[in-house]
Amino acid sequence: MQSKGVEILLVEDNANDAELTLRALKQRNLANQVFVCRDGAEALDFFSDGASPVPKVVLLDLKLPKVDGLEVLRRLKNDARTKAIPVVVLTSSREEPDIERAYALGANSYIVKPVDFEAFARAVSDVGLYWLLLNHPPQ
Amino acid sequence: MRSIQRTFPLFVTALLVAVAIVQLSVGYGEVRQASRSVADTRLRFVDSVLVELFQSSPQRARITGLAKDSAVVAFLRSGGQRGREQALAALRRITLDTSSNARLELRDFSGRLLLSTGRFDLGDSVLVSPGTDSARFSPLMRHDTLLFSGVAAAVLGTEASGSGGQSGGIVQQVGRLQLNDRTRRFLTGLSGGDMAFLFGNAAGDPWTDFASIVSAPPASVRNSHTPSRYERGETKRAIAMAVPGTPWMVATEVPSRLIVAPAQAYLLNMAPLAALIVILGTLAAWWGSRRLTAPLVGVTKAAEAMATGDLTQRVPAGRDDELGKLANSFNTMAEQVSRSHHHLEAQVAQRTKALEGTNAELESFSYSVSHDLRAPLRAIHGFSRILLEDHNAKLDPEAQRLLGVIDQNTRRMGQLIDDLLAFSRLGRTDLSTGPVDMKELTRLVADEVQRGEAGRDGSLEIRIDPLPPARGDRGLLRQVISNLLLNAAKFTRGRPSATIEVGSQADGGQTVYYVKDNGAGFDARYADKLFGVFQRLHSTEQFDGTGVGLAIVKRIVQRHGGRVWAEGAVNQGATFYFTLAGEER
């Protein structure tokens, strides 16, 4: 579960979505240091291991097996070690309550996955570019 | 507000005041009448005493006797030639007898004074044509400021002495008219001091009050012998009475104010008493009406409180009269209302719970739709795109076309899911109602639509008439206008000069807004299908869209308590009308 130099932690239970996400990142050469978790529990395990590297951004789906995305978000933002890590919610839900709760818990961004593949690919690669290249995290 | 509690005491007060006024005025009238009749009796009595006084005057008897005195007869028959001393003695005897200061005269028939005694001289005059049998009184005579009365008798001559002319003469006495002190005291005692005694005659010659000459009382007094009122300095009441056997007349008068004084005293005594009765009666009526209406006020207040939703109201029910029954009935009713209200509330709570359950299910359903349907759709779309992009070389043109069809339909299905979710969300969000400037909002939306239609063939004019303001949810109303304008813009595509008109008209106090276009229109037979979800009257090839826009319009308008309908014909354009109930509130 340890991979050196993880830049993006993708928490996504849907293998298809994960594949499409990775492909979009790959096209921008951003997929080299992506780590994928298949449910919320795995994501929490990733951070509970003190030796794990700190990713530059977490792409978090909301509807996840075991521990759902909002719970993962809550724990990350309540933990002093992880609360500075940018969390981008990447979900199919455009329901207002989800959006409100995510921001209330401290999400840094909320992106609704477009159904249209081109739009989806553009959204994912824009997010990757922004958080990996433009954003300047605390050292 | 009319209130028994106030009107009843007012009514009683008015009644008491009326009774008091009637009682006082009737009493006043009766007392005055009685006082007047007492005064009249006294006036008549004093009159009759005065008449008696003057009638029984011994003067006449004395003069009659003097006229028969032999010395006087002889002196007069001799024409004053003989027996002067004897005649003078006879006269003096009378003067001494009566100790009066009257003047006695003996005159011949021509009026010449033959002999006289007494202190004053009234000149040469015969006062009356004297009777032969007895003396007569003369009218009153005025001399300076005094009145005099006279009495005279004739002494006839005899045949024997006949000298051609009439022999004999006249015996007469003239005296000042006055009351002696004793008489005056007597009369004053009789009259009580408030009466005036007048003496005169019916002809209206000078009258006297026995002290000085006064003007005669008016003819009404002199002639009627009944009580009369007249003004002399003040209003007076008087009765006159003739003195029989003389030309004289007496009158007594009393000031009217003395007559009405008892009546006024009655008023002064009775008015405070009447006022006291009115005040006590008013207080009693007020107290009584309060006692009577207080339970009614209690019931009214409780009923009003119930009307505003406080169902715990009960009224005290301790009385066993009609009001007590009313209170009991009210409490029973309140109990019933309260019970059925609680029952209803429980039912409502139950239904609400059930509805909330349904709503939660609906919410999780739409959540699933948005999440679970989108993911496979994205996979279908994504992988078919990947096929096209990464494996293009291995695909023949037909395979590429088929992948294109998949691509198109997944996009369309994505759109359908989005619209469906938007539509279902409409039913669940709360309205935030406020005043909405429809004209400004329409202008805003129209500008957006114009920008979106920038690349179309042909011109598009959106005309906005003045629109009355509305009350509603601004965001939702914006969506209504937006959907209607986008609809109109869509169905006028292909027209060389498209026109959309937004206006309003009044219909029975309600404002009807409308959006009218000159586009493709629709078959009026299917007008009712326009507003159904996913209902379309045109093929997707002709005009794109999912068929949710007008359904959204209808739901928003309905949630505002309004109505939406459309008129149109194929190729004749369409007009969409809607009303908002909130606009009137």
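Colleague: In what order do the strands of the open sheet in chain A stand?

Modeller: Strands of a sheet pair through backbone hydrogen bonds, either parallel or antiparallel. In this predicted model, the open sheet of chain A has 5 strands in the order β2-β1-β3-β4-β5, with parallel pairing. Two strands pair if DSSP finds at least two bridges between them. Strands (E, at least two residues) and helices (H or I, at least four) are DSSP runs, numbered from the N terminus. Residues are numbered from 1 along each chain as its sequence is written, and chains are lettered from A, ligands numbered from 1, in the order in which they are written. Local features need pLDDT of at least 70 and side-chain atom pairs pLDDT 80 or more, while totals for chains, interfaces and linings use all residues.

Colleague: Which are the edge strands of chain A?

Modeller: β2 (34-37) and β5 (109-112) of chain A, each of which pairs on one side only. β5(A) runs parallel to β4 (residues 87-91) of chain A, and 4 bridges join them. In that pair, A:V88 stands opposite A:S109.

Colleague: What does α5(A) touch when it packs on the sheet?

Modeller: α5(A) touches β1 (8-11), β3 (57-60), β4 and β5 of chain A. Its direction makes about 155° with that of β3(A); axes are lines fitted to C-alpha atoms, for helices over the stretch in contact, and angles run from 0 to 180 degrees between N-to-C directions.

Colleague: How many residues of chain A are in contact with chain B?

Modeller: Two residues are in contact if their C-beta atoms, placed from the backbone, lie within 7 Å. Here 15 residues of chain A meet 15 residues of chain B. On the chain A side, α1 (15-27) and α5 (117-134) each supply at least two residues, and the largest share, 4 residues, comes from α1(A).

Colleague: Where do the buried residues of α10(B) lie, seen down its axis?

Modeller: A residue is buried if 20 or more other C-beta atoms lie within 10 Å of its own, exposed if 12 or fewer, and partly exposed in between, with C-beta atoms placed from the backbone. In α10(B) the buried residues are B:M438, B:T442, B:V445, B:A446 and B:V449. They fall within an arc of 105°, so they line one face of the helix; the arc is that of the directions from the helix axis to the C-beta atoms. On the other side, B:E440, B:D447 and B:R451 are exposed.

Colleague: What covers the buried residues of α10(B)?

Modeller: The cover includes β13 (433-436), β14 (459-464) and α11 (474-491) of chain B.
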